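Subject: A structure for you to look at

Hi,

I promised to send you something to explore, and here it is.

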Amino acid sequence: MLTVIWAGLIAFAVLAYVLLDGFDLGVGILFAVERREEDRDVMVNSVAPVWDGNETWLILGGGGLFAVFPLAYGVILSALYPAIIGMLLALVFRGVGFEFRFRAATASGRLWWDRAFQAGSTIAAFCQGLVLGGLLQGIRVEDRVYAGGWWDWLTGFTVLCGIAVVIGYALQGACWLIWRCEGPLQQRARQYARALAVGMLGLIVVVSLWTPMLEPAFSERWFGWPGILLTSPVPILVALVAWLFWHGLSRQHHFTPLLCAQAWFVLCYAGLGISLWPLIVPPDITIWDAAAPASSQEFLLVGAVVLIPLILGYTGYAYWVFRGKVRAGMHYH
Amino acid sequence: MPDADAVLLARVQFAFTIGFHIVLPALTIGLASYLAVLEALWLATGRQVYNDVFQYWLRVFAVGFGMGVVSGLVMSYQFGTNWARFADKAGPIIGPLLGYEVLMAFFLEAGFLGVMLFGRRRVGRGVHFAATMLVAIGTLISAFWILAANSWMQTPQGYTLTPDGRFLPADWWQVIFNPSFPYRLVHMVIACYLSVAFVVGAVGAWHLGRDAQNQAARLMFSMAMWMAVVVAPIQLLVGDQHGLNTLEYQPAKIAAVEGAWETQPGTPLILFGMPNMQQERTDWAVEIPHLGALILTHSWDGSIKGLKEFPPQDRPFSPVTFWAFRIMVGLGLLMAAIGVWAAWLRVRGGLYASPWLRRAVLAMAPSGFIALLAGWTVTEVGRQPFTVYGMLRTTESVSPVGLPGVGASLAGFVVVYAIVFGAGFVFLLRLMGRPPTVGESGPETGVPVRSAGITPVAALQDTH
């Protein structure tokens, strides 16, 4: 039971990360099409006060995995080594970009840090997709350590997952800008969101059809009886959210698109959970195999139960303090 | 058994990434407390200069914190990428400690950092001060947990061992408050404060040299010199106690620090020399008889165990610990001396007038950080050849990642860190090279728009 609670908490931390840092990274990815300095300033400023808290969920995901599922932590990180290192290095560039682009003395220096911010965001998102795909397609483990080769994780499926995450985060970023910006930037964000949503839905379909083929257990879960009772609402809900998304977009809603984009992520995540449960490292390691002893889990659970609601509370407060539309050039007067 | 080169490279990678990282939390731990003190003084007295100095250092804090976050993120995954066996075996103990660090400290810092940096015009003074305090407290909580984890690796207790060699927690109180933890925590937090004090002092000294009447620069210089005279001597005492604790629990580390091979009554203090691991002696040793015994056992004829008492495969690499220790202690003594010198000048009424003191403080700007890195080198290299002292060997801790993988990622880290932290260092120097002025504004202005003034109300105020 304890282990199930912890699996849920870690899953929650990773989901929180994907939803929160997703739009931060998406804003960075959209630097590719937003080239004016003033627009870029607005984009960065819209996430500057909150990005650090958002990224902390990734540390909780990693740290929590280390604490509660140390075997999974060790195996996943050694198996997906290059993708993880790539993600970390990319996040270094992305993270310092927030401060450095304002501190650069020259226009070219600033452009350089803008590029680093954009590339860092894009590569980090891509690597997260690689990790997701690499995990889904299974990891070879012998005697509690990774037993596969150096590039085992690199397949068509993982690359597809990487692209899907980049598109998905960019969509979140565009929807975030629709919510937090106004004027021409907001209008352009609507256009990006429309195109990206089409791409994302297409990729959801492809990845969803591909995943059950990776592992017989997955397809049994999805198409067998009685699993199908649990799985069939997922695609229906995805379609429902799609309708709401286009409705919101065409009626010029500010917040609906972001809500829908995040709902898609939640649904995909739920689908992922359905496929994997109760595995933590497919094809063999379950959450119980990987779990730390009960005393470790209990000790940290006490803190988590008290602290996570607190964290959600003050994170909400921080978002509330910085609510409202972000405008350009406010200090140029 | 993984090959020796891969182990060495994994160690170099960990040392490299943590060496870069550790300087930044040290900066933010020290600065966060300093900023909290400045804001409290400003709120209490209403004097403009406190706010000016606060805003001045807040910009430095923002850049340092950003770099600390990203380099720390790398650290939280290093255990898994390069040290997967360690993660599996010691994870049940180390993992929850780091988990608490994330839950109690990182979120707290991250949650209120935005308000602290950009929220002056969006929240009241009281709330802003609360945010600053919470960030400062967060940095200290973070130090608490990470040092508990590190200290447990040095002096493990409160665990049981499974047949397959995994550590299971038995008593969390014993795990956290392991024998070396209180000493290490106090020693490290003071080290952070001293490191920042000397940076602040050096910046004050630099700007005093250009404009002796700059009130903000005078305040920085004066506060830093108070820290030096009060805290540096305390640090020497704490360090002495920490050393005695190490002698009790990690005698091989002390032997390596001292370069002592033989166990002999009235152990001499070797001032300088070069420990020779092959020949089992310390070459060119300059010794003071009985002083080692006096310092480490507080008795004239006391003795410490020499390195020869330990099997060769259990000995730390003495040349590194020996010299790192001397760098640390030497700089600590210099810092205390600067503090006394400054106090003497202050009593005579000439604290700001002495160009030689200013030059000395300027030269000592990085001394705290160098001493801190040297101290970490002493304690970490001195723990070798174990990751969990006496229990788990470093060679049994590494991931099954081959030499090319560790080497390539190490190269990646070196290149990226050189670019990113090189640039960050330049930005920090540039921020600190700018003289503090009356009416300093923090990170909110000077850049086009930070998040300040997002709301229409604030925007209206800004357009005036």
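What radius of gyration does chain A have, next to that of a compact globule with 333 residues? Please keep in mind that this is a predicted model. A compact globule with 333 residues would come out near 20 Å, and chain A has 20 Å, so the two agree. Along its principal axes, the C-alpha atoms of chain A fill a box of roughly 65 × 40 × 40 Å.

Chain A is built with 14 helices and four strands. Of its 333 residues, 53% are buried. Contacts that reach along the sequence are worth a look too: among those in chain A between residues at least 6 apart, 77% join residues at least 24 apart.

Helix 7 of chain A covers residues 156–180, which is 25 residues. From its first C-alpha to its last it reaches 36 Å, close to the 36 Å expected at 1.5 Å a residue. In helix 7 of chain A, 20 of the 25 residues are buried, so this helix is largely enclosed by the rest of the structure.

Helix 2 of chain A, residues 37–47, is mostly covered as well, with eight of its eleven residues buried. Those buried residues are R40(A), D41(A), V42(A), M43(A), V44(A), N45(A), S46(A) and V47(A). What lies over them? The cover includes helix 1 (2–29), helix 3 (51–68), helix 5 (81–103), helix 6 (107–136), helix 7 and helix 8 (183–214) of chain A.

S222(B) sits in helix 7 of chain B, residues 215–249. Is S222(B) buried or partly exposed? It has 16 other C-beta atoms within 10 Å, so S222(B) counts as partly exposed; a buried residue would need 20 or more. S222(B) is 17 residues from A205(B) in sequence, and their C-alpha atoms are 9.6 Å apart in space.

Happy exploring!

Methods:
Residues numbered from 1 in each chain as written. Chains lettered and ligands numbered in written order. Predicted model: local features only at pLDDT ≥ 70, side-chain atom pairs only at ≥ 80, totals over all residues. Helix = DSSP H or I, 4+ residues; strand = E, 2+ residues; numbered from the N terminus. Expected span 1.5 Å × (residues − 1). Buried ≥ 20, exposed ≤ 12 C-beta atoms within 10 Å, placed from the backbone. Contact = placed C-beta atoms within 7 Å. Rg over C-alpha atoms; globule rule 2.2 N^0.38 Å.
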